[in-house]
Amino acid sequence: MSVPSATTEPVKTAFQHRQSAHCESGVISSLLHHEGIPLSEAMVFGLSASLSFAYIPLVKINEMPLIGYRMIPRWILKGMKSQLRLPLRFEKFKSSADGRQRLDELLDQGRPVGLQSSVFFLPYFPENMRFHFNAHNLIAYGREGNEYLISDPVFNAPTRCALADLQRARFVRGALAPKGLIYYIDGPVPKVDIVPLLCGAIKKNCFMMLHVPVPFVGCPGIRLLARRVLKLPAQKDLEYTHRFIGHIVRMQEEIGTGGAGFRFLYAAYLQECSVLLNNPRLQELSLELTAIGDEWREFALHAARMSKGREDLDLPLLHGLLNDLADKESTLYKKLKKAV
Amino acid sequence: MRPDEVPQESAPLLEGQRKAVYVVDKDGHYIIAQSGGDEAEITVTEEAVAWFAKLAENAYQRALRGETSPLEYHMFRLRMDEPTLASATGLWRWRVRRHLTAKGFSNLKPNLLERYADALGLTVEQLKKL
């Protein structure tokens, strides 16, 4: 594990692709690495206090409620911008021609540029993973003829994307429309010591999981979902029930970081914190969170099998698992709050 | 998750791609491993794909009999539903619902056809064809 420090002199090199578990944290981590600031994906995710849970029945996606296991899109980018006082500049466009021109201009200056786009219109995605999710993040780091050089953090290798396809993906309309959003680090990055920031970020995240005064966020949100699962029809209209529990798993992130994945990511952050702050208690709690992540995986496996009919539908089991997870998570955050 | 629990074989759904996952090695340190796709995740994605395919097939049969529009078929084929299509075109849902019927679709003006084709990433000819 590399120990991140923002105090060394930045070194500029050719852009290097880095694979990550989550798109947004991966993009900003790669952009920072390029600026000579080696903050890991987990560090970026934790510093911006992005772990969360939300179950919002009023917002529908394909007739199903919104379930999120992390904060809203762009939270990580904005969090990093304020924490590190990054000169991170965001630009949106009304016309797609302007958007393209500006992107080309920045790429020709040799800057890697972060983009928001739809998943569906990106041809390099496997066919069966393409859904209409408009808040995917990726990096363009150059162009050649009619193609952009793309570093998509969820893929193992850099790839290419034709100009027309990328244009379409950047300018789709609808929910979370990207409006051609680009972002890049503009100018010298101030030297910030991250160590004093770590405790505050952990406390903030604990607050969001425990004390936000609405019933659908954080641990209370998990309990709310648990109650909803119990009320699903178990006799007739089974199709809806199957889809609903499948949807809970799918929402663990469209392209699979997973509710569990975010827990592991945060546990990795706690581990880095434990080294930087010289606090062995955080390492213990990191392992505890890992165990919670494993339980999320177990829940996902049961839910997926039930939704496919490979396992008998057992709603009380899912209800129990979710409630148990809520209990364990809330105990963990209470301990975590005391540990920092 | 431990490194030996990570699926090695890349699932057909991922077309040879592998994903980064965080695992704990035997010393309790987090490392990044490459996963061929978790069973849970692959299953539910397949289910979602199958759901749209089923709706598309159903719409296709009805469109052949003239009971619905090719628009409905293409919408489901391209993994959209009515609210998604409405927000992707910027039209009211009741208008979209009307345009999805065979009669509503046949009365569509060229500019609206263009708008639907654009949102679905098709040409107007492709949109009209089944």
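The side chains of Glu39(B) and Arg310(A) meet in a salt bridge, 3.4 Å from N to O. Glu39(B) sits in helix H1 of chain B and Arg310(A) in the loop between helix H10 (280–308) and helix H11 (315–339) of chain A, so this pair joins two chains. The model is predicted. Seven salt bridges are counted between chain B and chain A. Chain A also holds an open sheet of six strands with antiparallel pairing.

**The contact between chains A and B**

- Chain B brings 43 residues to the contact, and chain A brings 49 residues.
- About 3900 Å² is buried between chain B and chain A. Carbon and sulfur atoms give 52% of that area.
- Tyr22(B), Tyr30(B) and Arg79(B) supply 19% of the area that chain B buries against chain A.
- Between the two chains, 17 residue pairs are in polar contact, counting pairs with both residues at pLDDT 80 or more.
- Five elements of chain B give two or more residues each to the side that touches chain A. The strands are S1 (19–24) and S2 (30–35). The helices are H1 (39–64), H3 (82–89) and H6 (110–120).
- H1(B) gives the most to this side of chain B, with 13 residues.

**Salt bridges between the chains**

- Side chains of opposite charge can pair when their charged atoms come close.
- Glu39(B), in the pair with Arg310(A), is partly exposed at 33% relative accessibility. Arg310(A) is partly exposed as well, with a relative accessible area of 49%.
- Arg79(B) and Glu127(A) meet through their side chains in a salt bridge of 3.4 Å, N to O. Arg79(B) lies in the loop between helix H2 (70–77) and H3 of chain B, and Glu127(A) in the loop between S4 and S5 of chain A, so the pair joins two chains.
- Arg79(B) is buried, with a relative accessible area of 8%. Glu127(A) counts as partly exposed at 43% relative accessibility.
- Glu239(A) and Lys54(B) form a salt bridge through their side chains at 2.7 Å, N to O. The pair crosses between chains, from helix H8 (residues 238–250) of chain A to helix H1 of chain B.
- Glu239(A) is partly exposed, with a relative accessible area of 41%. Lys54(B) is also partly exposed, at 47% relative accessibility.

**Salt bridges overall**

- Over all chains, the count comes to 32 salt bridges.
- In chain A, a network of salt bridges links Arg100(A), Asp104(A), Asp108(A) and Arg143(A).

**The sheet of chain A**

- The strand order is S3-S8-S4-S5-S6-S7.
- Strand S3 (88–91) and strand S7 (159–162) stand at the edges. Each has a single partner strand, so one side of each is left without a neighbour in the sheet.
- Neighbouring strands are turned by 35° against each other on average, direction ignored.

**Strand pairings in the sheet**

- Strand S4 (residues 113–117) runs antiparallel to strand S5 (residues 136–144) of chain A, joined by five bridges. Ser117(A) has His136(A) in S5(A) as its bridge partner.
- S5(A) and S6(A) pair in the antiparallel sense over five bridges. Gly142(A) stands opposite Leu149(A) in S6(A).
- A hairpin is formed by S5(A) and S6(A), with two residues between them. In its turn, Gly145(A) has a positive phi of about 60°.
- S6(A) and S7(A) pair in the antiparallel sense over four bridges. Glu147(A) stands opposite Ala162(A) in S7(A).
- Four of the five residues of S6(A) are buried, so this strand is largely enclosed by the rest of the structure.

- Helix H4 (residues 96–108) of chain A lies across S3, S4, S5, strand S6 (147–151) and S8 of chain A. H4(A) runs at about 65° to S5(A).

Technical notes: Residues numbered from 1 in each chain as written. Chains lettered and ligands numbered in written order. Predicted model: local features only at pLDDT ≥ 70, side-chain atom pairs only at ≥ 80, totals over all residues. Heavy atoms only, no water. Pairing = 2+ DSSP bridges. Axes fitted to C-alpha atoms, helices over the stretch in contact; angles between N-to-C directions. Contact = heavy atoms within 4.5 Å. Buried < 20%, exposed > 50% of the residue type's maximum accessible area, 1.4 Å probe, protein only. Buried area = accessible area lost by both parts, 1.4 Å probe. Salt bridge = Lys/Arg side-chain N within 4 Å of Asp/Glu carboxyl O. Polar contact = N/O pair within 3.5 Å; in protein donor to acceptor, adjacent residues only side chain to side chain.
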